[in-house]
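Hi everyone, thanks for making time.

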Amino acid sequence: MAAALENIKVVDLTRTLAGPFCTMMLGDMGADVIKIEEPERGDETRSWTPFWNGESTQFVSFNRNKRSLSLNLREKEGLDIVRNLAKDADVMIESFRAGALDRMGLGYEEIRAINPGIIYCSISGYGRTGPMAEKPGYDLIIQAYSGLMDLTGEPDGLPLRVGFSLVDLFTGMMCFGSVVTALYHRQETGQGQRLEAALLDGQVAALSYHATAYMATGVVPQRMGSGHPSLVPYQSFQASDGYFILGVANQGLWERFCDGIGHPELLEDSRFKTNDDRVAHRAECVAALSAIFREKTVAQWVDIIEQCGVPCGPINRVDDVVNDPQVNSRNMIAQLEHPNVPDLRIPNSPLKLAETPAAIKRPPPLLGQHNDEILDGLGYSREAINKLKEKGVIGKGP
């Protein structure tokens, strides 16, 4: 099948997670992604633990379907190579500090002058405008600054970081969507444009109903553990041998649930008649259900409640997820051929398109693995490439 972005060339000047996640998805959809890396150490995630046969599991998680060019951007010749790549590129994505690429002659205006149709996306912590534009942004810091951590955790506990890099990954998805939208706009109009994807912007948008509720009522949302501010019961509960999650999202489900678990008397309790009643008497409703749920195991309750047609499920660990029959039936764990990790397995693309499916054609690259190939494609002679290596403009490769 044809790849949707088969003829799209991407110059990737991003590092760590948000940008590489975006460019990996572009690569999954067929784009030729050229990842520019520092010659000695490469993307800093190459040094992050744990390792699998010497390869960072962090790096291999975000960098399939890319070619690696190890390039010294402190040298004029290195900057010239980026400009040469940009001349016929469709997309350039960068995550440098504000103004850094402008000072290097690789800012949007400079690149647009040599390629008016370029789609140029800048990823940053706080955006390229405003009083905090100069500040570096990190997933953890934005989780705190955006209110996400304040909303995460138990009511009487500490604010908690979400268990994975949600801010970075959300931003990568934003960037992917923006780039694909801009490609469609260019197809229709012939115009390139500048894009932004800011970590903070994404999390303010994701506050959604929490932010709107505050602006409507003046009441600041509080941490609720696994609970929901507008629905009860809609949270985790403890069974006799562990925890499970329950989602009673409407009145019909509540009625089926109470009958199904063998406690129709809950339907007659005035405190629990409607969802509004249950929200008003959240503590009492949760306490009553908690006493009931301690009588059986997780597996027993999940079976009983699912038979009622009410959403529920076990709270899985990572090992449960990667070995789950549903996950594997969806081809969500991919096995790749890698020169150093012959049994490499990583999460697959979540993008499911029937006619132009995502595909893994390249394993995560070794540092500088494609130096010669990329420069040869730009018209550099073997002698010129060797001189650039001797001067330290490009790395020697693996």
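Predicted model: local features only at pLDDT ≥ 70, side-chain atom pairs only at ≥ 80, totals over all residues.

In total 29 residues line it, and the closest to its centre are Ser61, Phe62, Val322, Ile346 and Pro347.

So where does that lining come from? Helix H1 (18-28), helix H2 (57-62), helix H7 (166-189), helix H13 (318-322) and strand S13 (344-347) each put in at least two residues. H2 gives the most, with five.

Okay, let's zoom out for a second. The protein has 398 residues, and 46% of them count as buried. Its secondary structure comes to 16 helices and 13 strands. Along the principal axes, the C-alpha atoms fill a box of roughly 85 × 50 × 40 Å. If you take the contacts between residues at least 6 apart in sequence, 67% of those join residues at least 24 apart.

Now for the inside. The largest nonpolar core has 36 residues, and the ones touching the most other members are Leu26, Ile93 and Val179. H1, strand S6 (91-94), strand S7 (119-124), H7, strand S8 (193-198) and helix H8 (199-217) each supply at least two residues of this core. The largest share, seven residues, is from H7.

Let's pick out Leu26. What is Leu26 in contact with, leaving aside its neighbours within four places in sequence? You'll find Leu5, Val10, Ala31, Ile93, Phe176, Val179 and Val180. Apart from this core lies another one, with 29 residues, and among them are Ile81, Met92, Leu375 and Ile394.

While we're talking about H8, look at His210, which lies in that helix. Is His210 buried or exposed? His210 counts as buried, because its relative accessibility is 18% and the cut-off for buried is under 20%. Not counting residues up to four places away in sequence, His210 touches Leu151, Pro221 and Pro229.

For contrast, go over to Val318 in helix H13. With a relative accessible area of 66%, Val318 is exposed, since exposed means over 50%.

Last stop, helix H12, residues 298-307. Its buried residues are Val298, Trp301, Val302 and Ile305. Why do they end up on the same side of H12? Because they cover an arc of only 100° around the axis. On the other side of H12, Ala299 and Gln307 are exposed.

And what do the buried residues of H12 pack against? That would be strand S10 (243-247), helix H9 (251-260), helix H11 (282-293) and strand S11 (312-314). Just after H12 you come to Gly309, which takes a positive phi of about 80°.

Conventions:
Residues numbered from 1 in each chain as written. Heavy atoms only, no water. 1 Å grid on protein atoms, 1.4 Å probe; cavity = no way out; pocket = protein on both sides within 12 Å on 5 of 7 lines; lining within 4 Å. Helix = DSSP H or I, 4+ residues; strand = E, 2+ residues; numbered from the N terminus. Core = buried A, V, L, I, M, F, W, Y, C linked by side-chain atoms within 4.5 Å. Buried < 20%, exposed > 50% of the residue type's maximum accessible area, 1.4 Å probe, protein only. Contact = heavy atoms within 4.5 Å. Arc of directions from axis to C-beta.
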